[in-house]
Amino acid sequence: MSSAVVDGIGLLVTNDPTVGEGPLGLVRNASVVFQDGVVIAVGPAGQVADRRIDAGGRCVIPGFVDSHTHLVFAGDRGDEFAARMAGRPYEAGGIRVSVAATRAATDDELRTLAAARRAEARRAGITTIEIKSGYGLDVAHETRCLRVAGEITPETTFLGAHVVPPEFAGRIDDYVHHVSTDMLDAVAPHARWIDAFCEVGAFDAEQCRQVLAAGRERGLGLRLHANQLGHGPGVQLAVEMGCASADHCTYLSDADIAALAGSDTVATFLPATDFSTRQPYPNARRVIDAGATVAIATNCNPGSSYTTSMSFCIALAVRDMHMTPEEALLAATLGGALALRRDDVGVLCPGARADLVVLEAPSYTHLVYRPGVPLVHAVVQRGIAG
Ligand code: NIG
């Protein structure tokens, strides 16, 4: 297959300190050559290939790695959002509204909705995406949601333990058993990961432990929704069980931070969720300074964070969670890759996937400096420009 080069890059972020300067591995006046969807060389401008894409002096970054989304759903909860802005608190129970709409949708409707959101995310520079189920909550609907997700990405996550569906009302332990046995058996071929919502109003630590342990037995990787709406045992459980990621981390105690710092569990922040639910922003600075690995993800979903804009999340993380622009960019690219235990994305070095974003800006700082402005000039995914 023919090779291609993105040339005329004013500032290249490689995220590889062995390739360039500082933690972002910065290279000025650079070019990136790729073949068969894989980077084969990173170097000074002027490298030659069969096809040339001119970056025109712009900044180029690795494609965003969005390690937490719920893209497969039907229905709209704009009214719930408006009520929240008028003072109502966010409650996990709103998830059941999306469950009813998702169950009522046809396969084709779900596929079309999810594909449109995936296309929107790509236009926003997201080249790797994780997608959870969790709006089906019975065997048939969880299976089809994961099938639809699997048509989009290999990073599929079974979230049967999202909330208790109406038909199991008052029988939470029966539902947890069902999720951990029959439902898991049906969905396991369609999922890479298993997740649970560890929160008051959803599932407690023991119930989440049961679900995650069952998933691990069937070979799934573990992740957990932890400490979203208040302090609780989620983060400690995620670390104890070796989850790849503890997601949300909005309420963190000193002990939670120490546990994350002493583990391989990535602390994944979801700043647009704290924005959309009016939760206080966590102080990411403390978590980074303690030595934990951090990621930023969009958490695109109809209830708590209906956005595919990683740039918006980066701006919030810097403005309100006290990250530097460099840390936030790293968290939205390499951090997301680590949260998915991937080493082929989130970096631009030989052997990595040719996933990159040409920014309509001279520097990545503009992602924060120019909030709300669409700064994605072009996206290359697996070597294909669009
Ligand atoms: O990650 N917290 C649980 N799940 C989603 C919210 C889903 C919803 O409200 O529909 C989240 O925020």
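This is a predicted model: local features need pLDDT of at least 70, side-chain atom pairs count only at pLDDT 80 or more; totals for chains, interfaces and linings use all residues.
Let me start with the loop between strand β8 (131-132) and helix α4 (139-150), because that loop is where Leu 137 lies, helices being DSSP runs of H or I with at least four residues and strands DSSP runs of E with at least two, numbered from the N terminus. Leu 137 has a positive phi of about 60° although it is not a glycine, and Leu 137 is buried, with a relative accessible area of 1%; here buried means under 20% relative accessible area, exposed over 50%, and partly exposed in between, with a 1.4 Å probe and protein chains only. Most residues other than glycine have a negative phi.

Residues are numbered from 1 along each chain as its sequence is written, and side-chain values use heavy atoms, with hydrogens and water left out.

Arg 341 also has a positive phi, near 50°, in a residue other than glycine. Arg 341 sits in the loop between α12 (325-339) and β15 (356-359), and is partly exposed, with a relative accessible area of 43%.

Turning to helix α8 (residues 254-261), the residues Asp 256, Ile 257, Ala 259 and Leu 260 are buried. Seen down the axis of α8, these buried residues fall within an arc of 160°, so they line one face of the helix, the arc being that of the directions from the helix axis to the C-beta atoms. The face turned away from that buried side carries the exposed residues Asp 254 and Ala 258.

Now, where does the largest pocket lie? Domain 1 (3-63 + 346-385) and domain 2 (65-339) both give residues to its lining, so the pocket lies between them; the domain bounds come from an automatic or database assignment. A pocket, on a 1 Å grid over the protein atoms alone, is an open set of points where a 1.4 Å probe fits, with protein on both sides within 12 Å along at least five of seven lines, and lining residues have an atom within 4 Å of a point. The largest pocket is lined by 15 residues, and Ser 309, Ser 311, Val 373, Pro 374 and Leu 375 lie nearest its centre. Helix α11 (residues 310-321) gives the largest share of that lining, four residues.

In the second largest pocket, the lining includes Arg 77, Glu 80, Arg 84 and Tyr 90, and helix α1 (residues 78-85) supplies the largest share, three residues.
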